[in-house]
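Here are my comments on the structure you sent. They are set out as numbered points.

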Amino acid sequence: MSFDFLCKTILVGASGVGKTSLIQRYIDDIFIPEKDSTIGIDYKTKDVEIEDSTFRLQIWDTAGQEKFHISLSSSIYKNTNVLIVVFDLTNKETVNSLEYYFTEIENNCRKNPLIVLVGNKCDLIENQIENVEEKVKQISNEKEFKLFKTSAKERTNVNELFYYIAKTIKENPKKYGVIKQNKLNKNENLKEENLKEVDLNNDDNNNFNNKKRNKCC
Ligand SMILES: Nc1nc2c(ncn2[C@@H]2O[C@H](COP(=O)(O)OP(=O)(O)O)[C@@H](O)[C@H]2O)c(=O)[nH]1
Ligand SMILES: [Mg+2]
């Protein structure tokens with residue numbers, strides 16, 4: 001099926017915050033309570049219709065590599081339009097780890113990606129961190145990132161999150177490096193197949209995957 005905009009979106013954040021669960025909820029509308037940690041990197045796509053345009057969201061899942069002090073290879077970030085930075089609303093450490101991801105993004109991403117913050121597990125009402133908005137604001141150097149409180153378990157705000165992303169890109173695609181498809185010629189490197197190649201055929205990334213495997217499983 002054809003689409004008007006191709007939008008590369010990456011989920012980053014500490015291990016266990018619910019990145020894989022959010023993607024599974026959004027793409028397949030399922031929630032699997034117990035599962036193995038993500039190994040390596042993978043992506044799924046979903047098309048979102050906004051007014052007269054089709055957005056193909058290419059959504060990349062990553063592992064919580066900060067625990068192992070392994071940076072995501074810079075090629076993973078190549079051509080990224082949107083970063084969803086996820087933390088766990090019940091786990092302070094994961095809020096503190098946001099700083100690590102902001103630095104990663106600053107060092108590796110194109111100049112102006114759309115950054116959206118997600119505090120996941122809002123269904124765990126009793127264990128929520130207090131004043132989380134303020135803490136997040138401090139860590140993000142007072143930058144005003146949009147914050148969604150989600151639950152992959154109960155579906156809360158999951159569709160809203162991705163719809164917000166598509167809508168924000170639609171308002172100003174150029175700002176986030178998203179080019180309308182009919183403006184691309186066949187050799188443009190924003191074609192979906194080429195985005196895929198960035199990841200899977202790159203030695204750096206294979207290194208990342210191997211390191212992760214050795215350390216975690
Ligand atoms: N209660 C609750 N648990 C969640 C939610 N999202 C993920 N989890 C659980 O948190 C754990 C880690 O989730 P996972 O998606 O693997 O995290 P990832 O390492 O960031 O990909 C799993 O046991 C999930 O079932 C949520 O919204 N609510
Ligand atoms: Mg995962």
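1. D47 stands opposite R56 in β3. The model is predicted, and this pair should be read as part of it. Strand β3 covers residues 53-61 and is joined to β2 by nine bridges, with the two strands running antiparallel.

2. The sheet to which these strands belong is open and has six strands, ordered β2-β3-β1-β4-β5-β6, with mixed pairing. Its edges are β2 (42-50) and β6 (146-149), each of which pairs on one side only. From one strand to the next, the twist averages 25 degrees. As background, strands in a sheet pair through backbone hydrogen bonds, in either a parallel or an antiparallel way.

3. The largest nonpolar core has 36 residues, and those touching the most other members are C7, L11, I84, V85, V86, V116 and I169. Two or more residues come from each of β1 (5-13), α1, β3, β4 (82-88), α4 (98-108), β5 (114-120) and α6 (158-171).

4. What does C7 touch, leaving aside residues up to four places away in sequence? Its contacts are F55, R56, L57, Q58, N81, V82, I169 and V178.

5. Ligand 1 is surrounded by 20 residues, and G18, K19, T20, S21 and K153 are the closest. The shell consists of 10 polar, six charged and four nonpolar residues. Helix α1 (residues 19-28) gives the most to this shell, with three residues; α1 is also among the elements that give two or more residues to the core.

Key. Residues numbered from 1 in each chain as written. Chains lettered and ligands numbered in written order. Predicted model: local features only at pLDDT ≥ 70, side-chain atom pairs only at ≥ 80, totals over all residues. Near = placed C-beta within 6 Å. Helix = DSSP H or I, 4+ residues; strand = E, 2+ residues; numbered from the N terminus. Nonpolar A, V, L, I, M, F, W, Y, C, P; charged D, E, K, R; others polar. Pairing = 2+ DSSP bridges. Axes fitted to C-alpha atoms, helices over the stretch in contact; angles between N-to-C directions. Core = buried A, V, L, I, M, F, W, Y, C linked by C-beta atoms within 7 Å. Buried ≥ 20, exposed ≤ 12 C-beta atoms within 10 Å, placed from the backbone. Contact = placed C-beta atoms within 7 Å.
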